[in-house]
Amino acid sequence: PCTECSCSSGKDPDKDPSHTKKKEKGDGLCVPKIFFGTRTHKQITQISRELKRTAYSCVPMTILSSRDYTCIHPVVSNSSNRNEMCVELLEGKHGRSCSYYHGVHKLSEHHALQPVCQAWDIEDLVRLGRKLRACPYFAARELLLGADIVFCPYNYLLDPQIRDSMDIKLKDQVVILDEAHNIEDCARESVSYGVTESQLRAAREELDFMVTNSIRQRHHEPLRAVCCSLI
C-alpha cells in the first residue's frame, strides 16, 4: 500500500490545502494518467506481466497498439494495408461494414478487462476479442478514457499525428519512457519521410505545369525549386 498519499493515512483529500486551492479556482481534482512508453510491442507484454506481480495489478489499464497486432477481421488482418481497409469498412464503402467494430462494447465492458481483475496483455485482449467477435483495437481505445495506466510504443507519445488520431492528451499527465536511450531514433523517424527519385521527378513535372499555367505560382515556384535541388 502507498504511504505518501492521503488514502493510506485516512486523511480527507478535500482538506488538503493544495486541493482546496484547486477547488477555489473552480477546478476539480484531476488524477493524472500514467503513460508508459516502450520500444516494441513485445516489451509491453513483459511489463504487463510484471504489473500482475505487484499490488497495483487491479488498477484500470489499457494497451494501445497497431492494427497489425489487434485486428481480428478475417480479411483485413490478412491484408498488407490493414489501416486503409479498416477505414474503408468503417466508412461503409462497397456496401460492407465491420461486425467486429459494432461489438466493441461487449469487449470493453467485459468483466475480464475491468479493474477488479488482474492486469492483461495484448494476447489476452485478442483472445477475448476472438471469443466475443469484438474488435480489440477499438476496445483498447475505448478503455483509454477510464484507464490509470496506459501502455503503448514510443511513437504513440512522440508522433503528433498518432497522438491526435488516438486522442492522447499529455498535458498534466505522467510519462514514463522505458529504455529512453532509444528515443532519439524514434523521434527522428516520427518527423522523417522517404521519397524516391521517380516521385520527385513526377512532382517536378506537375509543378512545372502549375507554374507555366500561372496556377498559384507564388506557392508552387518554391516547391519546384526544392524538387529540382533534391533531384
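**Group meeting talk: loops, a patch and some salt bridges**

Okay, let's start with Asp-172, which is exposed because its relative accessible area is 61%, above the 50% cut-off. Keep in mind that this is a predicted model. Where does Asp-172 sit? In the loop between α10 and β4.

Now go to strand β4, where you'll find Ile-176. Ile-176 is partly exposed, at 34% relative accessible area. Together with Ile-34 and Val-174, Ile-176 makes a nonpolar patch on the surface, about 190 Å² of accessible area in total.

Next up, salt bridges. How many are there? The count comes to 9. One of them joins the side chains of Asp-124 and Lys-52, at 3.9 Å from N to O. That pair links distant parts of the chain: Asp-124 is in helix α7 and Lys-52 in helix α3, 72 residues apart. Lys-52 and Asp-124 also belong to a salt-bridge network with Arg-127.

Here's another: Arg-82 and Asp-68, with their closest N and O atoms 2.9 Å apart. Arg-82 is in helix α5 and Asp-68 in helix α4, so the pair ties together parts 14 residues apart in sequence. Is Asp-68 buried or exposed? It counts as exposed, at 51% relative accessibility.

Last one: Arg-224 bridges to Asp-208, and here the closest N and O atoms are 3.1 Å apart. This pair links helix α13 with helix α12, 16 residues apart. Arg-224 is partly exposed at 23%, and Asp-208 is partly exposed at 28%.

Methods. Residues numbered from 1 in each chain as written. Predicted model: local features only at pLDDT ≥ 70, side-chain atom pairs only at ≥ 80, totals over all residues. Heavy atoms only, no water. Helix = DSSP H or I, 4+ residues; strand = E, 2+ residues; numbered from the N terminus. Buried < 20%, exposed > 50% of the residue type's maximum accessible area, 1.4 Å probe, protein only. Patch = residues over 30% accessible without salt bridge, like charges linked within 9 Å, V, L, I, M, F, W, Y side chains within 5 Å. Areas by Shrake-Rupley, 256 points an atom, 1.4 Å probe, with all protein chains shown as cover. Salt bridge = Lys/Arg side-chain N within 4 Å of Asp/Glu carboxyl O.
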